[in-house]
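Let's walk through a protein model together, one feature at a time. Bring your questions as we go.

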Amino acid sequence: MRSRISQSLSFVLLLAFGLGLAGCGTESSSTGADGGAPASYVPPGEKDNYYLFYSGGHSGNVWVAGLPSLRMIQKIPVFTPAPGMGYGYTKETKEMMGEYTWGDVHHPGLSKTNGRYDGRWLFVNDNANNRIARISLRDFKTKQILGPIPNSMGNHGSSFVTPNTTYVLVATRFSVPLPKGTYAPVETYEENFNGIVSGVKVDSTTGEMSVGWQIKTPPFNWDLGSTGKGPSHGWAFWTSYNTEMAHDSLEINASQRDRDYAAFVNWKRAAEIVANGNAGTRNGVPFIDPAEHEGVMYYVPVSKSPHGIDASPSGRWIVASGKLQPTATVFDFKQVLTAIENKDFQGEFRGVPVINYESIVEGEVPVGQGPLHTQFDGEGNAYTSLYIESSVAKWKLPPWDEATAQDMSKAVVDKISVHYNVGHIVIGGSDTKDPYGEWLVAMNKLSKGRHISVGPSQPETSQLIDISGKEMKMVAEAYTPPEPHFAQVVHKDVINPVEVYEQENNTHPEAVWEQQNTGVKRTGPNEVTAHVIAKRSQYYPDEIEAQVGDTVIIHLTNIEQVSDMIHGFGIAEHNVNAIVDPGETKTMEFTVQKAGVFPFYCTNFCSALHQEMQGYLAVRPQ
Amino acid sequence: MRLFPQSLPDVLDRRVTGTGRLLLMAGALLIAGAIVLPLWQIHLVAPQYQEGLDMYIYSHKLVGGNEGQDITEINGLNHYIGMQAIQESDFTEMQWIPFALGVFVLLALRAAVFAKVSAVVDLTVLFVYFGAFSMYRFYYRLYTYSHTLDPRAPVDIDPFMPALIGKNQIANFTQYSFPREGSALLLLAIVCFVGAMWLSRPAHTSEA
Ligand SMILES: [Cu+2]
């Protein structure tokens, strides 16, 4: 009898906390493939060495995976509601998301101090609604969404973080008549439409973002960018397509010129112009016309319809790839500075100098078909994704020996196939002074046939390539929903997350921690306010009375102070679901429109008596 | 050779020697140390609490591991079986035990100064009694907590007795209970006192 009771008791308690994490594993070894296990194998109970932050593309989220296992760990909702985390259903998150329920996240950028990741924030852009968001890596939560950014349309060319997180740099993919809201016939594109590049200023203490400056550009379609360091510190680089300034059938009309322009922007100069009060304003943000301010922007011709432009870890070599030309072009930034000093220009475009290509190019490396993005391993090697070839090329950065300089194909030292049509690739820390150079993740656009079939809607493939040796080795692959564009990889020791919001750090003005402070009050003729606490396995109070037409405000505090003890609050037939993490307070606000009694319950499995964690919203007719 | 009880009065009248007095002072210091150090620790391990939940018992306070959070957590779990919340204010012992320990420090110093074996004997006897009584109170606390379960609790469990020292399995938890530095110091203090008496025993000549 006794053993039966204790057995069923342990069963119950195990159920209660069965979701708990063992979490006392040792370091995983990411090298060596003993016993036939791949080098990326991380046994159960052991942990990855790196965080992999994927942009979620038009899913509007960020995904966190572990590296080298490629195991998906968590989703960070940013621009899109995520009922699993109560995101987009609480007052706070609804206000932050504004009027949009989706975003298009392309390029996550980690914050840096002295050119290295500092583990504080992750910035992500929204290509669709011209926004930029900041995620805190203390709690992996979205803290701010800035935008729609004034004058900005198609925020694709971001989020590129300067070496001390002074700015997150942003450029427009699309051009429209400015200010936004102005009508002009599309046929007048060339004269009436403009793009911009912007510096989003980041407060070094709070991370709060604001628009620091904007620079007006012709209606080119700005594409990818990066920030300088070392000799190129203070500069930012963007490629563009459509310097033809075509407004229709871009596939053909924007692919006419052999070279398009990259913009080399001196953001320190832009900040100076604003600080000196010499910038104009448009739509309330500092706005610079580069024709009126020498030294703020230069154009550099780059081979046909370039996509990626990346600064090497030293900051001296700037690599741009023309997706319609099978080369990666290497510019020497020291020569760029010399050319600017000597006014070594081959012309100008709308008042902005075009730097003489021949004076600054170090070489054109024949990497292969459809080169897009380049990453660096910190050992003098560059890796370029080849979309058309479905492969990744490894090649040597300058300085090159005589033979290589004569025959640039000698710079390419290795190539590996990926499956299929690779977009971005990522090497941890590639945009810092010290890349980790251990793994490369290829984010492939097409997965067709690599996995058991899931019908016509197919996932994307991530492939893990070991780059620690002389030759690249394909090690593992995994799938993600649509669609990671770029990713960032950071060593786990750089990030120091909290797992519980400590009571003393909870600053929500309506937080309550004691049962005697909870309760439901009528706070207006048509308003009812409830202060509720959630703990295993009960709400206090568990009954909320209201009348049809009332606005019901519920401030819910999870008073648990232990890791992973998360509670939910879903209300039947009211489209409300809040999730509160340990020590967190969230507010729900909604109007009750129908009479009846509606159960609310804990949506996030918490304990043996989780099912019992429920209550009623009783709505009287008017 | 005289029987021990017969020789006792003589022994009691003896004086404690130099080293013995030092031992008495050392004993006083050890007891003083035990006032501020943890006396006992209870450590609970379960599959989802691999890192364990800890409770530290001091002479004057009850401290939870993880900055106090562990006691809240233990109480949270115990509410399922209807155990009353463990809280410092219920431990009335914690008001008088530090006082009592202070008295023993003074008694030990007094014995060191007056250096009479009888004083040491009194001190040791009282101290051992105090120790035994404190252990009984500890046992009684554990017994009361685990035998006074709310019959309305969601989970029915037979009353149980947690381990006083050693380990015990309670549902999915393995409970460990063991003395800590403070108790070791108290034990050492007794050794010091006995040592002081031993050094004061009649010399070999009187045994002849
Ligand atoms: Cu719950």
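The dialogue below concerns a predicted model.

Q: Let's begin with the sheet in chain A. In what order do the strands E25, E26, E27 and E28 come?

A: To read a sheet, follow the strands from one side to the other. Here the four strands of chain A run in the order E25-E26-E27-E28, with antiparallel pairing, and the sheet is open. Strands E25 (371-376) and E28 (412-417) of chain A each have a single partner strand, so they stand at the edges and one side of each has no neighbour in the sheet. From one strand to the next, the twist averages 20°.

Q: How many bridges join strand E26 to strand E27 of chain A?

A: Six bridges link E26 (residues 381-386) with E27 (residues 391-396) of chain A, and the two run antiparallel. For one residue's view, take A:Thr384, whose bridge partner in E27(A) is A:Ala393.

Q: Now a single residue. Is B:Asn75 buried or exposed?

A: Accessibility is the value to check. B:Asn75 has a relative accessible area of 16%, and because buried means under 20%, B:Asn75 is buried. This residue belongs to helix H3 (residues 69-78) of chain B. Leaving aside residues up to four places away in sequence, B:Asn75 touches B:Gln84, B:Ala85 and B:Ile86.

Q: And the cysteines: how many disulfides does a search of the whole structure find?

A: Zero, over all chains. As for accessibility, A:Cys602 is buried at 1% relative accessibility, and A:Cys606 is buried at 1% as well.

Notes: Residues numbered from 1 in each chain as written. Chains lettered and ligands numbered in written order. Predicted model: local features only at pLDDT ≥ 70, side-chain atom pairs only at ≥ 80, totals over all residues. Heavy atoms only, no water. Buried < 20%, exposed > 50% of the residue type's maximum accessible area, 1.4 Å probe, protein only. Contact = heavy atoms within 4.5 Å. Pairing = 2+ DSSP bridges. Axes fitted to C-alpha atoms, helices over the stretch in contact; angles between N-to-C directions. Disulfide = S-S within 2.5 Å.
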